[in-house]
Structures are given as structure tokens and as C-alpha cells.
Amino acid sequence: MVGPVRPQFVLFGSSIVQLSYCDAGWGATLANLYARKADIILRGYSGWNSRRALQVLDKIFPKDAAVQPSLVIVYFGGNDSIHPHPSGLGPHVPLQEYIENMRKIVIHLKSLSKKTCIIFLSSPPINETQISETLSNVLGQLRRTNESCRIYSEACLELCREMNVKAIDLWSALQQRDDWSDVCFMDGIHLSSEGNKIVVKEILKVLREADWEPSLYWKSMPTEFAEDSPYDPIGVDEKTTVNVSNWNFQGSFQLD
């Protein structure tokens, strides 16, 4: 293990997670903001549903690990919500089974440590027309609808309320923009840079407002090796150094 040991934030889910480091993704933004504060660990698996997540849950989150994550952000549901195929193949998971699968994930994560915090992301909306235009030559007939995403999103949110887990309603959050269907997706499903901005803002809002101790909000966490040093860059006065340990170059969009 590389030291010093930092808090671990694990991103666990399907393609919305696996692709969170591309196109100004929300995972990449978190990694930038939490540099020298926490290790952002990616466990994203494109195409997966909640059934496959359960199959590897003990491997990804072993209960006997020497260090347990401080935060786990979970997303499954979009693939589960795809309509069933007559062959029985494909990622569809019936709604009640999906709910129970997600319940089992919550129970397992809560058992890791009293200090392990959890955020669930609900299924975002989709642009059905864009999917047909960009993915029909690969995925064939469209079996994913915005309405089914809404139903699975609401089920996830209701479960989180029942189990006292922080949750983010992505289905509603993305649609706050009037032009959401035009700007939030690369292909109708996966998030563009604009869609990713919405996700990371919602995550940061939860982290800022949560009453967790210690706080997991990036501005409240200590910076590793942040002490002043004579080896820091020399300032404009040509006499003193400038401590740059807390600089970040996230860009111009408003995070908070």
C-alpha cells in the first residue's frame, strides 16, 4: 500500500461510473478536488446491472479489509430498467428484484464500518431519439425508455429514504435544464461534460450539507503535507514563498 493512508472514496456502478473519468467526467472532477485529501477509487463496470453487482460485492468490498472506505458512491439502475428481451437475455432486472438487490448492497456497505458513508445515485433520464440515432446499429431495437428510468429512479430513492441513505435524484436533476436532452448526453445514455457537471454539483452539495463526522466535503478536509516550505515557489515580492498545496485548476464552472 502506498502511504500516507488517505480516506478512500469508492465509485461503484455501471457505465455512468466507468466513464466518469472521460469528457470532464464527475469522477475526474472529484479526483482533482480531492487531490492530497482522499483517494478516489474507480470500480465502474459498463453494462452491469444490480445482479452482477451482488455477485462481486464481497470481492470489491471485503469485510475483513484492513482499511474500509470512508465513502461509497453507488449507481445501478439504468441497465436494470431496460425492458426484458423475449430470449431472456440482456440486463433487465424486474423492479422488485432490483429494489431487493440494492437493499442488499446497502446492508453490506453499512456492515463495513461505522464510518463508511454512502451516497446512491438514481437513474438519470435518457434521450430516446439520440439513442436510436447513435446506438441502434449496435444495440438494435430500443428497449430503454425514459419512463422506465423514472420508475427505477423513484424506487431507488424510496429505498434510500427507508434505509436512511443519502441519495441524489439524477432523473430530476438533469431535467432542471430546459435543454437537458440536447446537451447532457454523448449518445443519449452516457453523460457529456454538461451532464457530468450536474452530477458532480449534486454530489458536492450532499457532501457539503451532510452532518457526517468527520466532514467529507473537500474544503473541510486536511491537505496532505500542506506545511509551508522554503522549497515552495518564490512569490512576486522575490522574498517569500507561496504555498500552492491547496491550488486546484478545476476550471470556470461554479462547483458550489
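This is a predicted model: local features need pLDDT of at least 70, side-chain atom pairs count only at pLDDT 80 or more; totals for chains, interfaces and linings use all residues.
Local features need pLDDT of at least 70 and side-chain atom pairs count only at pLDDT 80 or more, while totals for chains, interfaces and linings use all residues. Residues are numbered from 1 along each chain as its sequence is written, and side-chain values use heavy atoms, with hydrogens and water left out.

**View 1. The largest nonpolar core has 37 residues.** A core here is a set of buried Ala, Val, Leu, Ile, Met, Phe, Trp, Tyr and Cys residues joined through side-chain atoms within 4.5 Å; buried means under 20% relative accessible area with a 1.4 Å probe, protein chains only. Trp26, Leu30, Tyr34 and Leu207 touch the most other members. Among the elements supplying at least two residues each are strand E1 (8-13), helix H2 (26-33) and helix H9 (193-209), and H9 gives the most, with seven. Helices (H or I, at least four residues) and strands (E, at least two) are DSSP runs, numbered from the N terminus.

**View 2. Trp26 and its contacts.** Leaving aside residues up to four places away in sequence, Trp26 touches Leu11, Ile73, Leu121 and Ile203, among others. Contact means heavy atoms within 4.5 Å.

**View 3. Helix H9 and what covers it.** H9 runs for 17 residues and spans 24 Å from first C-alpha to last. Its buried residues include Asn196, Val199, Ile203 and Leu207. Their cover includes H2, E3, E4 and H7.

Conventions: Buried means under 20% relative accessible area, exposed over 50%, partly exposed in between (1.4 Å probe, protein chains only). The expected span of a helix is 1.5 Å times one less than its number of residues.
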